[in-house]
Amino acid sequence: MSKRVLVAMSGGVDSSITAKLLQEEGYQVEGAYMKLHGLEANHRESIRKVDKVAAHLGIPYHVLDRQQQFQELVYQPFIDIYRQGQTPNPCTFCNRTIKFGELLDFAHSLGCHYLATGHYIQCDGQFFYQAEDNSKDQSYFLFNVPRQNLLFLLFPLAQRLKSDVKAMAASIPPLQELASQAESNEICFVEDSYLDVLRQHLDGVDRPGDVVDETGKVVGRHRGYMHYTIGQRKGFDVPLSHTPLYVKQIDPQYNRIVVATKEAITCSTFTLRDVNLFFDPPAEGFDCQVKVRYRHAKVPAHITVQGTGATVQLQEPEKAIAPGQAAVFYDDRRLLGGGYIC
Ligand SMILES: Nc1ncnc2c1ncn2[C@@H]1O[C@H](COP(=O)(O)OP(=O)(O)OP(=O)(O)O)[C@@H](O)[C@H]1O
């Protein structure tokens, strides 16, 4: 009997082609759409597309309401972390707890052997590897998936280029509308700016405050501390400075940001919390390459793990080490794990 797979279907082109490819490979496919955020109109439109794709493929699909879990495990932490003056990475929370947590449990409860998504990532059951299509590689966001769950994951787009996936959809009449739609938002519940989301829940998002230098001297004004991320160079006003200044520290208690020169914001040692690894690390630590932001290049580093935390020692100092963001470890294209910057 063919193996059963649950495909996480968003109504987008990637997961629709994922379902099609698996069906062509002989899997018995069913879909699942999850209601995560509270944007009802978006759900209606997405479910309409899932329904159309499922009808074309002749597969059943489930609509799961996971709004409460999403609120608790992804959305509220996102708000809390910004309020604390840090920069969260909500997709990594969702991937750990919902997409590759709850949804995998649901797949197993149905009797499916595997869960598949339209992520651009490779997986051999033990490790993730960066996708063939570098421009779409989503490995950074998957560092926190529970290690034991990798055995049950399938990613048919691993070796594909986004352009080929779109071309494939464009050649199938019921999927054509998916091929031409714009890329989905980076964060599914942020329609325009993350600040609009924060404004719905917090006072003071746009409360101006002082910009100070490293000695504490007031040198300018800012628009509200939640507008900033460590390493940011724009969006605050320091009238008398002739050198470019960057955000070095965010002080939510006094609604202040500390700015400094580029040299002063670089650092080569920092610590991580909530570390997740796909292998057992040696006691003396290990060498790897680290990405401290999604769009940053990897840099060589040595990692020492202590309990659920770790210390990262970079070979060369980096700027913009932002608390709340993920530091993700690689061995060339292989993803080793990562943690959240303290
Ligand atoms: N609401 C959802 N319900 C079920 N699965 C989802 C949902 N949102 C995303 N996914 C799954 O997670 C994958 C990656 O999500 P992401 O938001 O990065 O979408 P994407 O790269 O634009 O993919 P797609 O074109 O399938 O929307 C999707 O391909 C899909 O398998």
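Colleague: Why are H3 and H4 called roughly antiparallel to each other?

Modeller: In this predicted model, the axes of helix H3 (residues 67-83) and helix H4 (residues 90-110) cross at roughly 170°. Angles over 145 degrees count as roughly antiparallel, so H3 and H4 get that label. Their axes come within 9 Å.

Colleague: What makes the contact of H3 with H4, by class?

Modeller: The contact has 10 nonpolar, 2 polar and 1 charged residues. H3 contributes Gln69, Phe70, Leu73, Val74, Pro77, Phe78 and Ile81. From H4 come Pro90, Phe93, Cys94, Thr97, Ile98 and Glu102.

Colleague: Which residues does the UniProt annotation "active site" cover?

Modeller: The unreviewed UniProt entry places that annotation on Cys94 and Cys188.

Colleague: How do you know that they gather at one spot?

Modeller: They span 95 residues in sequence, yet no two of their C-alpha atoms are more than 10.5 Å apart, so they gather at one spot. The lining of the largest pocket includes Cys94 and Cys188.

Colleague: Why is cysteine 94 called buried?

Modeller: Its relative accessible area is 6%, and buried means under 20%, so cysteine 94 is buried. Cysteine 94 sits in helix H4. Leaving aside neighbours within four places in sequence, cysteine 94 contacts Leu36, Phe70, Val74, Lys99 and Phe100.

Colleague: What makes cysteine 188 partly exposed?

Modeller: Cysteine 188 has a relative accessible area of 35%. Buried means under 20% and exposed over 50%, so cysteine 188 counts as partly exposed. Cysteine 188 lies in the loop between helix H6 (176-179) and helix H7 (194-201). Not counting residues up to four places away in sequence, cysteine 188 touches His37, Leu39 and Phe70.

Note on methods: Residues are numbered from 1 along each chain as its sequence is written. This is a predicted model: local features need pLDDT of at least 70, side-chain atom pairs count only at pLDDT 80 or more; totals for chains, interfaces and linings use all residues. Side-chain values use heavy atoms; hydrogens and water are left out. Axes are lines fitted to C-alpha atoms, for helices over the stretch in contact, and angles run from 0 to 180 degrees between N-to-C directions. Helices (H or I, at least four residues) and strands (E, at least two) are DSSP runs, numbered from the N terminus. Angles under 35 degrees count as roughly parallel, over 145 as roughly antiparallel, 65 to 115 as roughly perpendicular and the rest as oblique. Contact means heavy atoms within 4.5 Å. Ala, Val, Leu, Ile, Met, Phe, Trp, Tyr, Cys and Pro count as nonpolar, Asp, Glu, Lys and Arg as charged, and the others, Gly among them, as polar. UniProt positions are given in the numbering used here, feature names are shortened, and annotations may be inferred rather than shown by experiment. On a 1 Å grid over the protein atoms alone, a cavity is a set of points where a 1.4 Å probe fits but cannot get out, and a pocket is an open set with protein on both sides within 12 Å along at least five of seven lines; lining residues have an atom within 4 Å of a point. Buried means under 20% relative accessible area, exposed over 50%, partly exposed in between (1.4 Å probe, protein chains only).
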